[in-house]
Amino acid sequence: MDREQFMESADKMAKEIVKFTEQIDFDEESLLDVIEDHMLPVEQFFANYNCAIMEIETKFKVLNEQFSLKYDGNPIESIHSRVKDYDSIIRKVIRKKLPRTLDAIEENINDIAGVRVVCSFVDDIYRLADCLLQQDDIILIRSKDYIKNPKPTGYRSLHLIVAVPIFLENEKKLVKVEVQFRTIAMDFWASLEHKLRYKKNISEEMLNKLAHELTDCANISASLDARMQNVRNLIMSETKGN
Ligand code: 0O2
């Protein structure tokens, strides 16, 4: 969620609070107190995730720089980050039947902060993931390897849920971030598939028809990744001999 979307969500919440308080006989000052009391924890909640994203992004930028000196070229093509928007969080709260408290959301939803790292080759994904996990301030909470075990849809990506410390005015706080590693080909497939199908209301019949085609496309793009990796390996072994 960018700053504009965050302000929109915050504005929506503030309007809801105002609507609620209109039913009670408040003077203007206590109304402002109520809004502030409600808004501050929410703002702090989202700010923590933004800070955690900055920490993780910096780690990858440093690794990218270092890898580019050691190996030939940068392993990272691009990094995209987002804080999950308010509506998506609420949808997940309802789906997982969670209590509607910030503590329960923080405890049970792992992908509020998301960093997607798009790499050139499959090998780069595992090398970068290992480097991240070796850092002594990073705690691995969960790893799902959808590259070795693709989803039935054909989706491929390496997902790590990690906790990273952020240093606030008077405390150190561990914040969870979902890191998704993909190659350009995996990202190309996932982005288009998401646009076409993911979370859309399409009939069961149509979904079945499309599923086969999309899985087939995923397999083609995975074999392209394997071939490009192979070409790279050949070039590397050739240049090593020189
Ligand atoms: P968005 O907007 O990308 O954030 P959990 O986090 O464990 O409660 P789950 O469903 O077990 O939930 O997580 P999973 O399947 O490991 O990862 C979910 C995320 O992976 C999705 O986030 C997508 O980003 C991506 N993803 C998973 N499966 C597919 C797929 O078939 N196609 C595409 N395009 N992306 C997929 P969100 O929250 O659904 O959306």
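Reply: Two strands count as paired if DSSP finds at least two bridges between them. This is a predicted model. On that basis there is an open sheet of five strands, in the order β1-β2-β5-β4-β3, with mixed pairing. The edge strands are β1, residues 76-83, and β3, residues 139-145. Each of these pairs on one side only. From one strand to the next, the twist averages 25°.

β3 runs antiparallel to β4, residues 158-167, and six bridges join them. K144 has H159 as its bridge partner in β4. For D145, the partner in β4 is L158.

Move on to β4 and β5. These strands are also antiparallel, with ten bridges between them. They form a hairpin, with four residues separating the two strands. The bridge partner of F167 in β5 is K172.

Now the helices. Helix α5, residues 122-134, lies across β2 (113-119), β3, β4 and β5 (172-183). Its direction is at about 170° to β5. Helix α6, residues 184-196, lies across β1, β2 and β5. The angle between α6 and β5 is about 95°.

The buried residues of α6 are A185, M186, D187, W189 and A190. Buried here means that 20 or more other C-beta atoms lie within 10 Å of the residue's own.

How values were computed: Residues are numbered from 1 along each chain as its sequence is written. This is a predicted model: local features need pLDDT of at least 70, side-chain atom pairs count only at pLDDT 80 or more; totals for chains, interfaces and linings use all residues. Axes are lines fitted to C-alpha atoms, for helices over the stretch in contact, and angles run from 0 to 180 degrees between N-to-C directions. Two residues are in contact if their C-beta atoms, placed from the backbone, lie within 7 Å. A residue is buried if 20 or more other C-beta atoms lie within 10 Å of its own, exposed if 12 or fewer, and partly exposed in between; C-beta atoms are placed from the backbone.
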